[in-house]
Amino acid sequence: MPFYQMLCIASHFREYKHIKELVTMSAKHIMDQGGVVRNIEYWGTQTLPQPMRRHRQVYTIGDYWTMYFDTSPHGLKSLTGVIRRDPRVIRWTMVKQGDKVGDVVLPREKTVMRTDYLNPPRDGSTSWSGLDL
């Protein structure tokens, strides 16, 4: 299953329950389609860069959140349809992060242990250029 990131801007309400319902509905939809939700992050309420129109309304403030998930292409298309019809959503985008874990997770770096900083110069100078290490 491919790994995706969804960034969503939702309309701002004073009550937190509206954003919670939207996030819960999106996550349950992915899991009902056989997908896995990896992480959900709430980025907070922010002023939009420009007034945005959606569902015959103009918005200037939005709640930003993102969700990382694995799902099939069919599940992604299904989620897009649900998000498109939801009146709380102003904008959203889906970004494919990779097809498999190796595409997303970087291999461990090989590090070299440097010990020259543990042994300061003995001659009182501050330069290490003349030392045999």
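**Before starting.** I am working with a predicted model, where local features need pLDDT of at least 70, side-chain atom pairs count only at pLDDT 80 or more, and totals for chains, interfaces and linings use all residues. Residues are numbered from 1 along each chain as its sequence is written, and side-chain values use heavy atoms, leaving out hydrogens and water.

**Entry one: two helices.** I looked up H1 (residues 17-32) and H2 (residues 73-85), whose axes come within 10 Å and cross at roughly 155°. Helices here are DSSP runs of H or I with at least four residues, and strands are runs of E with at least two, numbered from the N terminus. Axes are lines fitted to C-alpha atoms over the stretch in contact, with angles from 0 to 180 degrees between N-to-C directions. H1 and H2 are therefore roughly antiparallel (an angle over 145 degrees).

**Entry two: who meets whom?** Contact means heavy atoms within 4.5 Å. From H1, I noted Leu22, Met25, Ser26, His29 and Ile30, which meet Ser78, Leu79, Val82 and Ile83 of H2.

Most residues other than glycine have a negative phi. His55, not a glycine, has a positive phi of about 55°, and Arg56 has a positive phi near 65°.

How values were computed
Parallel < 35°, antiparallel > 145°, perpendicular 65-115°, else oblique.
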